[in-house]
Amino acid sequence: MKTGGNPTINDVARLAGVSKKTVSRVINRSPLLSDETRQRVETVIGELGYTPNPQARGLALRRNFLIGLIHDNPNSQMVLGVQQGILEAIRETEFALVVRPVDRGSPAMLDDVRHFLERQRLFGVLLLPPISENDELAKLCESLGCRYVRMGSAKLDDDHHSVASNDAEAVTEATRYLIEQGHRRIGLVTGPHGFRSAMERRAGFEKALAEAGIKLPRGLVANGDYRFDSGVEAGNRLLDQVPMPTAIFASNDEMAAGVLHAARQRNLAVPQDLSVIGFDDTEIAGHVWPPLTTVRWPITSMARSAALKLLTGTLDDDNGIEEPSLFLSKLIRRSSVARPQPE
């Protein structure tokens, strides 16, 4: 069956003996059709090789086939991992990814996001921490009829609107590992103020120390912001302590790499003189020397699941399967931890 030029929706309607509206309903998988009509239209679409125009469909649905990733996160490796997960989810679909950084400290953030959502007419958005922890932002998405899923280090919403990890429990396990190796003076590099992930990871660290009856002196806590440079600075502050810690837990791999750098500047050998654990298991964990013991945060799997939650009901092969909402992090043991040297 041939038509002059590229086939159009009008060609499909004419040859199938239905209206353009009916063809649109078939394309958009509307349930308001009989199986016989749907089959007839799909047969004509296949014979013509008709490909629906995503922009035209977007106009009809009052939504574009765009998934938004909205974030204010200093950890570039995390953002890249999230993008990878989303792209895996939308591969071989009509959907595309739009990335929008925002400033969570700006009083105009909500207005900026509102204008972005209204202008782009997004199908749905994935909200990364820490802005995913903002309930007003979630309410804004809902008021605009924009699907959303919030990613976090703890559960932030109902299962349809969130994916979460067990950061506190994972860090408790990592800190217990240091304690089992014989470490008692263990330093902590925290994450940035206001991040739920930073609070969860610190809580897990402190829980393990409390269980072992180990006190955490103020001098063994140094603030970081998830960036490498802050890890170097925090590492130097901790290593200035007398006596210095025999082990340090850093709240992400970027900062843990900074701690390794600070130790190297002092001619301290890792793990012989200092054990170090990070969090995330990003590429940097395997690229530094020694390879970093760390907590693997399943960020790509979380993002893939979040994107598939957004696409629920739009894919031919979803089969009503519910995506998981909780993802477990686990300790990856490499070469940056050893027993402390005898005093």
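The exercises below work through the strands, helices and confidence values of one predicted model.

Residues are numbered from 1 along each chain as its sequence is written, and side-chain values use heavy atoms, with hydrogens and water left out. Because the model is predicted, local features need pLDDT of at least 70 and side-chain atom pairs count only at pLDDT 80 or more, while totals for chains, interfaces and linings use all residues.

**Exercise 1.** Determine which strands stand at the edges of the sheet with parallel pairing.

*Solution.* Start with the terms: strands (E, at least two residues) and helices (H or I, at least four residues) are DSSP runs numbered from the N terminus, and two strands pair if DSSP finds at least two bridges between them. The open sheet in question has 6 strands in the order β2-β1-β3-β4-β5-β11. β2 (96–101) and β11 (326–327) each have a single partner strand, so one side of each is left without a neighbour in the sheet. Strand β1 (residues 66–71) pairs with β2 over 6 bridges in the parallel sense, and L66 has A96 of β2 as its bridge partner. Helix α7 packs on this sheet, touching β3 (124–127) and β4 (147–152), and its direction makes about 160 degrees with that of β4; touching here rests on contact, meaning heavy atoms within 4.5 Å, and angles run from 0 to 180 degrees between N-to-C directions of axes fitted to C-alpha atoms, for helices over the stretch in contact.

**Exercise 2.** Describe how α6 and α7 cross, and which residues make the contact.

*Solution.* The axes of α6 (residues 109–120) and α7 (residues 135–143) come within 11 Å and cross at roughly 25 degrees. That makes α6 roughly parallel to α7, a class that takes angles under 35 degrees. On the side of α6 the contact is made by M109, L110, V113, R114 and L117, and on that of α7 by E136, L137, L140 and C141.

**Exercise 3.** Work out the strand order of the sheet with mixed pairing, and which helix touches β7.

*Solution.* The order of these 6 strands is β7-β6-β8-β9-β10-β12, in an open sheet. The edge strands, pairing on one side only, are β7 (221–222) and β12 (330–332). Between β10 (residues 293–296) and β12, which run antiparallel, there are 3 bridges. Helix α9 (residues 196–211) packs on the sheet and touches β6 (186–189), β7, β8 (247–250) and β9 (275–280).

**Exercise 4.** Identify the stretch where the pLDDT is below 50.

*Solution.* The mean pLDDT (the predictor's confidence in each residue, from 0 to 100) of the protein chain is 89, and 91% of its residues reach 70 or more. Residues 58–62 have pLDDT below 50. Where pLDDT is low, the predicted coordinates should not be read in detail.

Definitions and conventions:
Angles under 35 degrees count as roughly parallel, over 145 as roughly antiparallel, 65 to 115 as roughly perpendicular and the rest as oblique.
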